[in-house]
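Subject: Structure handover

Hi,

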Amino acid sequence: MLELLPPPPTDPLWDLTAEFAADERPERLNLVLGVYRDAAGRTPVMAAVREAEIRLAERSASKEYRGLSGNTAFNRALVEMVLGSEGSGGPAGRAAAVQTVAGSGALRLLADLVCRTRPGTTVWISDPAYVNHRPILEAAGLRVRPYGWVDADGGFDAAGVLRELSGVRRDDVVLLQGCCHNPTGVDPSPQDWAALAELAVRDGWVPFVDLAYHGLGGGLEADLAATRMLAARVPEMLIAVSCSKNFGLYSDRTGCAIVLGASGQAVRHAETTLQNAARTLYSMPPEHGAAVVTTILEDERLSALWRAELDVMRGRIAANRTDLTAHLSALGCEVQARSLARQKGMFSMLPLSAEQMLRLRRQFAIYGTTSGRINIAGIPAHRIPFLAQGIAAVLGTGSGASADAVAAAGADTGDGARARQSPAVSSMP
Ligand SMILES: Cc1ncc(COP(=O)(O)O)c(C=O)c1O
């Protein structure tokens with residue numbers, strides 16, 4: 001039977017990761033995968049997570065099946081985090097939530113919900129989009145149409161987006177990343193978000209918000225503001241929440257699908273539909289990550305510790321961006337520096353061509369995607385000059401550092417760049 005299989009496509013990001021793993025140059029720099037790394041290049045377990053895990057282990061709770069919605073305390077805690085408390089008269093009072101296998105699982109279950117409600121629905125996604133948006137939506141049986149995101153100067157293309165989305169039909173769904181847009185790092189302003197909400201209300205389409213980086217852009221509250229504002233205005237909304245990045249739970253696959261509806265009955269039906277969809281895919285989600293998040297969010301001290309750690313991560317990402325911007329500017333790459341300075345979150349889009357990104361990889365062992373995306377959170381601070389010089393060299397600007405000079409600046413023999421960039425710490429972006 002398996003002989004019949006045609007050669008399948010492989011995942012481009014994982015292919016790049018494998019290429020990086022096979023690269024033996026000591027100066028190599030992996031900026032492909034969407035993981036946070038601390039100043040030493042590690043992806044640490046957060047202290048709040050570690051403490052919650054110890055508590056859970058000591059409590060030695062049963063591993064009995066949880067139920068079709070997973071951990072319901074986790075679902076409540078995430079709805080409260082994203083939308084505010086249920087009793088406040090806000091949108092949380094008309095929400096249902098199901099624990100999922102991370103953000104990807106939430107995207108897929110919500111896509112299944114849309115498909116079970118209206119087969120063949122069109123979902124609009126940004127162009128460029130998170131690399132897995134289209135595959136997940138199409139795998140669920142939905143149609144996908146792109147709308148633009150950035151303007152010619154690398155900023156948010158408010159006029160273009162509003163114009164394109166004015167063509168969206170009432171039965172369509174529009175996927176929006178709630179903050180820290182992957183891959184561009186370019187977000188709408190509060191005014192742009194208000195205009196998008198107005199359009200959704202006027203034309204009746206359903207916003208489908210993907211939240212994967214809240215807390216890593218402008219702070220937790222600021223990063224959730226657009227989602228909350230939308231939720232307060234539209235009758236129906238879908239929200240996919242990932243705990244991979246902001247809790248550092250990448251491999252524990254922790255997330256939540258939230259549905260907002262106009263009536264209690266619609267919300268209950270939506271929840272059961274999500275449960276049914278999960279039942280046919282993997283039955284129930286894994287408990288560990290959800291138990292960790294719940295333990296943190298239900299405990300005032302742990303919650304404060306987690307928020308403080310999240311702020312440190314956010315600060316480091318912002319400092320990396322500022323530092324890279326300054327180095328690029330000093331090397332004469334003003335345009336690139338300006339566009340970088342405006343971006344937010346874990347990723348940045350370098351305004352380099354595919355060919356220039358390939359040169360960065362081949363000549364300098366600097367790995368980003370050919371679209372120009374780099375993981376700002378993945379740069380050890382002391383490697384920023386090396387990265388800036390590599391970018392300047394492929395642009396042919398500033399000092400126009402030669403490949404040898406860049407490599408010499410990058411050679412990191414001290415305590416071993418290779419160990420710090422070990423592919424063993426790889427995770428799905
Ligand atoms: C925009 C966006 N959505 C969703 C996800 C899925 O995250 P996960 O399934 O690891 O929680 C990612 C991961 O990189 C992402 O960038």
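This is a predicted model: local features need pLDDT of at least 70, side-chain atom pairs count only at pLDDT 80 or more; totals for chains, interfaces and linings use all residues.

Sheet first. Seven strands form an open sheet: 7 strands in the order β2-β8-β7-β6-β5-β3-β4. The pairing is mixed. On average, neighbouring strands are turned by 25° against each other, direction ignored.

β5 (residues 173-177) and β6 (residues 206-211) run in the parallel sense, with 5 bridges between them. Opposite Val174 stands Pro207 in β6.

Next, the helices on the sheet. α6 (residues 158-165) lies across β3 (122-127), β4 and β5. Its direction is about 145° to β4. α8 (residues 220-233) lies across β5, β6, β7 (237-242) and β8 (254-260). Against β6, α8 runs at about 160°.

Last, a helix pair. How do the axes of α2 and α10 cross, and within what distance do they come? Helix α2 (residues 47-59) and helix α10 (residues 288-297) have axes that come within 9 Å and cross at roughly 110°. Angles of 65 to 115 degrees count as roughly perpendicular, so α2 is roughly perpendicular to α10. From α2, the contact involves Ala48, Val49, Ala52, Glu53, Arg55, Leu56 and Arg59. They meet His288, Ala291, Val292, Thr295 and Ile296 in α10. By class, that contact has 7 nonpolar, 2 polar and 3 charged residues.

Best wishes

How values were computed
Residues are numbered from 1 along each chain as its sequence is written. Side-chain values use heavy atoms; hydrogens and water are left out. Axes are lines fitted to C-alpha atoms, for helices over the stretch in contact, and angles run from 0 to 180 degrees between N-to-C directions. Helices (H or I, at least four residues) and strands (E, at least two) are DSSP runs, numbered from the N terminus. Angles under 35 degrees count as roughly parallel, over 145 as roughly antiparallel, 65 to 115 as roughly perpendicular and the rest as oblique. Contact means heavy atoms within 4.5 Å. Ala, Val, Leu, Ile, Met, Phe, Trp, Tyr, Cys and Pro count as nonpolar, Asp, Glu, Lys and Arg as charged, and the others, Gly among them, as polar. Two strands pair if DSSP finds at least two bridges between them.
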